[in-house]
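Try each task yourself before reading the solution below it.

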Amino acid sequence: MVPKGVLVDITKCVGCGSCTVACKLWNNLKYDGTPADGKDAALGAESWTAVKWVEAPKDGETVWRFVKNQCLHCHQPACASACFSKAIKKTADGPVVYDEKLCVGCRYCMLACPFNIPKYEWDKSFPRVRKCQMCAGRIAKGETPACVGVCPAGALTFGEYNELAGLAAERIQKGGYINHIYGEKEAGGASWLYISDVPFKDLGFRTDVTTRPLPEYSESILKLTPAVGLGWGAVLTGIYVYNRRRNEIAREEGEKNKK
Amino acid sequence: MEDHLKLEKEVTRRSFLKMMGGLGLSGLALTLAGCENNTAVNAGGDGWLPQQYQIAGTWPAQVRGRVPIEASNPSIVRDDQKCVLCGQCLEICRNTQTVYGHYGFPLINDIVCINCGQCSLWCPTGAIAERDDTEKVLQALQDPDKYVVVQTAPATRVALGEEFGLPPGSWVMGQQVAALRRLGFKQVFDTNFTADLTIMEEATELIKRVKGELKKPLPQFTSCSPGWVKFCEYFYPDLFPNMSSCKSPQQMMGALVKTYFAKTKNIDPEKIYSVAIMPCTAKKFEAQRPEMNDSGHYWKKQSLQDVDAVLTTRELARLLKRKGIDLNSLPEESYDPLLGKSTGGAIIFGATGGVMEAAVRTAYFFITQQEPPAQLLSLTPVRGLSGVKEAAVDIPGVGTVRVAICHGMGNGRQVLEAVRRGEAPWHFVEFMSCPGGCQSGGGQPRTSVPPSDEVRQKRMASLYSADVRMEWRESHENSEVLALYQNFLGHPMSELAEELLHTDYVDRGKSFKQLASEELPDKV
C-alpha cells in the first residue's frame with residue numbers, strides 16, 4: 001500500500017470549521033463545550049481536530065490565520081513506540097491508529113507525543129485515549145478522511161504522501177509561502193504536512209521539535225539490551241565458574257593438606 | 001452422595017481460577033500476537049456523513065462545507081451541533097450573493113460577510129440563525145429609567161403574521177403596532193416615515209447630480225440596504241462616488257428619534273433606548289457602525305448611538321410568543337404621531353424596485369412641480385422578480401431618465417461591472433442585497449425553506465396593494481415629513497439634514513486580496 005498523507009495549506013483556510021463538524025459527525029463525537037473553532041479552540045477527548053484562529057504578524061500588519069490541529073500521524077510515532085501493549089500502531093496506509101481493546105490506560109503515549117495530541121477521558125470509569133485516526137477505515141476503502149472531503153476552500157489535500165511533498169514544494173516555489181514544510185522533517189517526518197505564508201512559530205506550532213525520529217532515542221539505548229543482557233550473563237557465568245573452580249581447588253588443596 | 005462429592009472435588013476454586021487465568025493469558029497472547037488486526041478499519045468512524053460526501057476515491061463533493069462565520073458577527077450565529085454540512089449556506093453565499101469564493105487568499109484580517117443573513121433562510125436545520133438580541137430589548141423595557149421607542153420596517157408588516165399561522169403576505173400592520181404597545185414600547189414609530197424622508201433626500205441628491213450642481217458621477221446608487229452597502233465597500237470601493245450619501249431609513253429614524261423627537265417632547269436623549277424591528281440581519285451590523293452616532297454629535301455626547309438594538313421579524317415573533325401575546329387576537333392600532341405617517345411610496349420600499357418607483361414619483365414632482373401621470377404610480381417594468389430590471393421614464397424638462405433595479409448581489413455585480421466599464425446608461429440604480437428585496441430579507445420568517453418565489457410574490461403583492469389603498473402615494477405628500485423640514489431640518493440636503501441623514505462609507509477593499517474578474521468563480 002502506498003502511504004497516504006494530507007497537505008494543509010494554511011493560506012487557503014477561511015476558518016469555517018467544516019472539518020471539525022465532519023470529524024464530530026463521522027466519529028460520533030460529542031459536543032462537550034470545548035470550542036472546535038475560534039480563538040479558544042483546543043483538542044480534547046471529543047474534539048479530534050480543532051481550527052484555531054491566530055493573529056500573526058506579517059509585513060508589518062496583523063493578519064488572521066486559521067490553524068487546523070489534529071494528530072500529525074508521524075512516520076515513526078513516539079506514541080506507538082511508547083505503547084507497550086500495542087494499542088497504538090502505525091498502519092501501512094499512513095494513519096496512526098488506536099485500539100481501545102488493547103489499551104491499558106497507562107498514558108505513556110500522551111507523555112511521549114511531542115505535539116501533545118492524545119487526550120484522555122478523565123471523566124470516564126473506563127477511560128480511553130482519544131485522538132485523530134485519520135479516518136483509517138475510509139482510507140482503507142479509498143475515500144478521503146472526513147475533514148478533507150468537506151473542506152470547501154481547498155485548504156486540505158489528500159493523496160499519496162510522496163506526491164503531496166512534491167505539491168508542497170511546488171507551491172512554495174511559486175511564491176507566497178515561507179520555505180518550510182512543517183511535518184516533513186519534524187519528529188522524523190509525518191503524514192500530515194503544512195505550508196504557510198507566516199512562520200510556523202507565530203502560528204503556535206512547536207518548532208523546537210527534533211528532526212530525528214523520537215523512537216530512535218530510546219532505541220539507541222534499548223538496542224543494547226540483548227548485548228548487555230547476554231554480556232552481563234556471560235560475566236556472571238564467568239564469575240560463577242571462576243568461583244566454583246576456585247572453591248574446588250581450595251577444597252582439593254585442603255583435603256591434600258589434611259592428608 | 002458420593003458422586004456429588006466427587007463433582008465438587010473436580011471444580012475447586014483453585015482449578016477454576018487456574019482455568020480463567022489460562023484463558024485470559026492465551027487471549028492476551030493471541031491479541032498481542034496481532035490475531036485481531038482489523039484495528040485500522042475499526043478506528044473511529046462509527047458516525048455518519050451526509051450522502052454527498054460518501055464518494056469513493058478522492059472525488060470532491062459538488063456541494064460541500066459551509067460558510068465561515070466569525071464568532072463576533074453581529075448579525076448571524078451558528079450552532080455547530082445542528083450543522084450537517086449540507087452546503088446550502090455556501091451555495092447561496094457563493095452563487096447568489098457572490099461573496100464566498102469572490103475574495104482572494106490568503107485572508108488579511110476579516111472574514112468577508114455582508115451580513116445579509118440569506119444563509120439563515122437556506123439552512124435546513126436552523127443551525128444558522130440571527131444573533132438573538134431579544135434579551136437586550138427585554139432588559140431595556142424593564143428598566144424604568146429608559147424611554148424605549150421602536151420603529152418597524154415596511155416589510156415586517158407583510159410577514160410577521162406568518163409566524164402566527166397566517167398565510168404569506170398577510171397584512172398585520174395594525175396588529176404589529178398593538179403588539180409592540182403591549183410589549184411596553186412607549187412610542188411606536190414607522191420606518192416608512194423615514195423611507196419617505198429618504199426619498200426626499202435621495203431624489204434631491206439625484207436631481208442635483210443630473211443638473212450638475214453636485215459634482216458626483218451618474219448613475220446614483222441607492223444606499224438603503226446595509227448588506228449592499230457593505231458589499232460595495234468590500235468589492236467596489238472605487239464606486240463610492242456613485243453611492244448616494246443618504247443613510248438608510250432605519251438610521252435616519254434613529255438619528256431623528258434622539259434629536260427631533262427628543263427635542264420636541266423634551267426627553268433626555270440619553271434615556272431614550274431606540275429599537276428597530278427589521279426584516280434584515282445586516283441592520284444589526286449597520287446599527288453598530290461607529291459612524292452611526294450622529295445624535296451623539298448633535299448633543300455632543302459621544303456615548304449616544306442612533307439605534308440601540310435591532311430585532312429581526314423572527315425575533316419579534318419570539319418575543320411576542322414568550323410574552324404570551326397573540327398577534328391574531330389584537331385590534332389594529334396606528335403609529336404614534338410625529339414620526340408615524342407614511343405614503344404608498346414608502347410602503348413599497350419593502351419590495352425590489354420599490355425605492356426606485358417611489359423616487360421616480362417624487363423626482364417627477366420635484367422637477368416638474370406636477371403630479372406624476374398614472375403610469376408612474378404603477379411602474380410595472382420595475383416590479384417583479386427578474387434579476388436586473390430597467391425602465392426609462394420621460395420627465396418634461398430633463399428628458400428621459402433611465403433607471404435600473406437589481407436584487408441579490410450576483411445581479412448587482414453585473415450592473416456594477418457595467419458601471420466600472422463605463423457602459424452604464426442609467427441615471428439611478430437601486431440595489432437590494434436580498435433576492436426579492438427587504439420582504440425576503442435574512443431576518444424574515446422562514447415560511448419556506450429554502451425561500452420560494454411564491455412566498456416572495458405574495459408578500460410583494462401585499463405591499464403593492466397597500467400602496468394603492470394609501471391616501472398619499474408620493475413621499476413628498478407626507479405631512480409629517482413636510483413638518484419635519486419646516487420645524488427642524490429646513491430643506492432637503494440642508495446642513496442639519498446632511499449632518500443627521502447622510503453618511504459616508506468605509507473602504508473595506510483592503511481587508512482581503514481583490515480578485516481579477518477572470519479569477520472569479522464561473523457562476524458570476
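This is a predicted model: local features need pLDDT of at least 70, side-chain atom pairs count only at pLDDT 80 or more; totals for chains, interfaces and linings use all residues.

The buried residues of α1(A) are S18(A), C19(A), T20(A), V21(A), A22(A), C23(A), K24(A), W26(A) and N27(A).

**Exercise 1. Decide how enclosed helix α1 of chain A is, and find what its buried residues pack against.**

Solution. 
- Step 1: Nine of the ten residues in 18–27 of chain A are buried, so α1(A) is largely enclosed by the rest of the structure.
- Step 2: Look for the packing partners. In chain A, the buried residues of the helix pack against the strands β2 (37–38), β3 (50–58), β4 (61–69) and β9 (156–160), and against helix α5 (146–150).
- Step 3: See what comes after the helix. N28(A) follows α1(A) and has a positive phi, near 55°.

**Exercise 2. Describe how chain A is divided into domains.**

Solution. 
- Step 1: Read off the bounds. Domain 1 of chain A covers 4–214, and domain 2 covers 224–258.
- Step 2: Check the spacing. The C-alpha centres of these two domains of chain A are 57 Å apart.

**Exercise 3. Sketch chain B, then work out its open sheet of four strands.**

Solution. 
- Step 1: Start with the overall picture. Chain B contains 19 helices and ten strands, and its C-alpha atoms fill a box of roughly 125 × 55 × 45 Å along the principal axes.
- Step 2: Of the 524 residues in chain B, 51% are buried. Among contacts in chain B with a separation of 6 or more, 77% are between residues 24 or more positions apart.
- Step 3: Order the strands. The open sheet in chain B runs β5-β10-β9-β8, with mixed pairing. Its edge strands are β5 (220–221) and β8 (388–395) of chain B, each pairing on one side only.
- Step 4: Zoom in on one pair. β9 (399–407) and β10 of chain B run parallel and are joined by five bridges. H407(B) has M432(B) in β10(B) as its bridge partner.

**Exercise 4. Locate two cis peptide bonds in chain B and two lysines with positive phi.**

Solution. 
- Step 1: Most residues other than glycine have a negative phi, and most peptide bonds are trans.
- Step 2: Find the cis bonds. One goes from F105(B) to P106(B), with omega near -5°; P106(B) sits in the loop between α4 and α5 of chain B. Another joins V449(B) and P450(B), with omega about -5°; P450(B) is in the loop between β10 and α17 of chain B.
- Step 3: Find the lysines. K86(A) has a positive phi of about 60° and lies in the loop between α2 and β5 of chain A. K300(B) has a positive phi near 55° and lies in the loop between α12 and β7 of chain B.
- Step 4: K86(A) has 15 C-beta neighbours inside 10 Å, so it counts as partly exposed. K300(B) has 7 C-beta neighbours inside 10 Å, so it counts as exposed.

How values were computed:
Residues are numbered from 1 along each chain as its sequence is written. Chains are lettered from A and ligands numbered from 1 in the order in which they are written. Domain bounds come from an automatic or database domain assignment. A residue is buried if 20 or more other C-beta atoms lie within 10 Å of its own, exposed if 12 or fewer, and partly exposed in between; C-beta atoms are placed from the backbone. Helices (H or I, at least four residues) and strands (E, at least two) are DSSP runs, numbered from the N terminus. Two residues are in contact if their C-beta atoms, placed from the backbone, lie within 7 Å. Two strands pair if DSSP finds at least two bridges between them.
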